Amino acid sequence: MRVIMFLVMALLLTPVFAAPVVTYEFASEEQEALFNKLSNELRCLVCQNQAISDSNADLAKDLRDEIYGMLQQGNSEEEIVEFMVARYGDFVLYNPPLKPMTWLLWFGPAFALLAGFFFVVRIINKQKKSAVTEMSGEEIERLKSLQSEAKAMIKTEGKEDK
Amino acid sequence: MTEETQKKSPLKRFMPLIIFGLLVALLWYGLGLNPRLVPSPLIGKPAPEFELPLLNASGKFSHEDLKGDITLLNVFASWCFACRQEHQAITQLSRKGFRVIGFNYKDKAADATAWLRQFGNPYQVVAQDLDGRVGIDWGVYGAPETFVIDHNGIVRDKRIGPVDQEYISEKLMPLVQQIRSEQS
């Protein structure tokens, strides 16, 4: 009984990686490459974390057929992408275009990194400053008088050299 | 200097907390968004051109037939469970006098007919998109979906998922009022 249970459990754990079988025939290798590129770059709307190339959803199959048909009719990559965006919006693109709506998406991470860097530098500077100034009033006075003495010495030495 | 750090303005002192609060608000808002709701690029644009055969009737239905009145184009299928859920709301809209057109998406004529016989037919006519080809032009990616099209044939809204009372009172009715005021 235990063994059977174990086997059943093991069977349930087996992931199903059934990639759709491609049965398209292409006129040229470039066309096939373009087909694969497009179907990997376009997102399936039903199962959103899959490209339409590896989704088993009915709609993904329809869209693969659509891409195939458009390629057969000699449409370019841009035309096919445009076709999809006109119907499903930028959402279908795994590589969204750069425009004001997507600035945050494109530049947000770099901006966050820069901001983080800026704050780190500021904090370090502050700590340096406070480390130096952790002196009592007397010490500061002494430092100042030593500094002015040194300056005076340098000045007089310079004059003597001439 | 040690005195100065104590003299920090309250704004500066609470800055990390404020930033944290903003971040929490942003992420909380993000959690509330539904990634399944993909905004339609068709909104504000003329309805895509199409011509489809009618279910259990002779003749065709095309984008030209959408013009003249506010139309609710309801994408449904007999295999779609949520379509049953919204069926009552759709029927109610039809009874209120809305022109409700059925868009039978990737279905079989016999199944759709049986479905309509079982639940009731709220549609003026039902256009058949058996292979889903026209559905692609409309950006349909599931059922149910409902398009609101104005008298000029412009797509004004797309409801993804079942139409419910909340959608009707909060989105549809204000939109219909707006369209009517543009019309007059």
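## Helix packing in chain A

Axes are lines fitted to C-alpha atoms, taken for helices over the stretch in contact, and the angles between N-to-C directions run from 0 to 180 degrees. In this predicted model, the axes of helix α2 (residues 29-41) of chain A and helix α3 (residues 58-72) of chain A cross at roughly 145° and come within 10 Å. The crossing of α2(A) past α3(A) is right-handed.

On the α2(A) side, the contact is formed by Gln31(A), Leu34(A), Phe35(A), Leu38(A) and Ser39(A). These residues meet Arg64(A), Ile67(A), Tyr68(A) and Leu71(A) of α3(A). By class, the residues of this contact comprise six nonpolar, two polar and one charged.

## Architecture of chain A

Chain A contains six helices and zero strands, and its elements follow the order α-α-α-α-α-α from the N terminus. Of its 162 residues, 13% count as buried. Among contacts in chain A between residues at least 6 apart in sequence, 41% join residues at least 24 apart.

## Confidence of the prediction

The model as a whole has an ipTM of 0.77 and a pTM of 0.73. For chain A the mean pLDDT is 83, with 87% of the residues reaching 70 or more. Among the elements of chain A, the lowest mean pLDDT, 73, belongs to helix α1 (residues 2-13) of chain A, and the highest, 92, to helix α4 (residues 77-88) of chain A.

Chain B has an average pLDDT of 90, and 96% of its residues score at least 70. Within chain B, confidence is highest in strand β3 (residues 71-76) of chain B, at a mean of 96, and lowest in helix α1 (residues 2-6) of chain B, at 50. Where pLDDT is low, the predicted coordinates should not be read in detail.

## Contact between the chains

Chain A contributes 15 residues to the contact and chain B contributes 13 residues. The side of chain B that touches chain A consists of seven nonpolar, four polar and two charged residues.

## The nonpolar core

In soluble globular proteins, nonpolar side chains tend to be buried together. The largest nonpolar core in this model has 50 residues. Those with the most contacts inside this core are Leu45(A) and Tyr88(A), together with Phe76(B), Tyr105(B), Ala143(B) and Ile149(B). The largest share of the core, five residues, is supplied by α3(A).

Ala143(B) is in contact with two of these residues, Phe76(B) and Tyr105(B), when neighbours within four places in sequence are left aside.

Phe147(B) is located in strand β6 (residues 145-149) of chain B. Phe147(B) counts as buried because 24 C-beta neighbours lie inside 10 Å, and the threshold for burial is 20 or more. With neighbours within four places in sequence left aside, Phe147(B) is in contact with Leu73(B), Val155(B) and Lys158(B). The C-alpha atoms of Phe147(B) and Trp79(B) are separated by 20 Å, and the two residues are 68 residues apart along the chain.

Ala109(B) belongs to helix α5 (residues 109-119) of chain B. Ala109(B) has 14 C-beta neighbours inside 10 Å and therefore counts as partly exposed. Apart from neighbours within four places in sequence, Ala109(B) is in contact with Leu55(B) and Gln128(B). A separation of 41 Å lies between the C-alpha atoms of Ala109(B) and Gly30(B), which are 79 residues apart along the chain.

Note on methods: Residues numbered from 1 in each chain as written. Chains lettered and ligands numbered in written order. Predicted model: local features only at pLDDT ≥ 70, side-chain atom pairs only at ≥ 80, totals over all residues. Contact = placed C-beta atoms within 7 Å. Nonpolar A, V, L, I, M, F, W, Y, C, P; charged D, E, K, R; others polar. Helix = DSSP H or I, 4+ residues; strand = E, 2+ residues; numbered from the N terminus. Left-handed = near helix turned anticlockwise from the far one by under 90°. Buried ≥ 20, exposed ≤ 12 C-beta atoms within 10 Å, placed from the backbone. pLDDT = per-residue confidence, 0-100. Core = buried A, V, L, I, M, F, W, Y, C linked by C-beta atoms within 7 Å.
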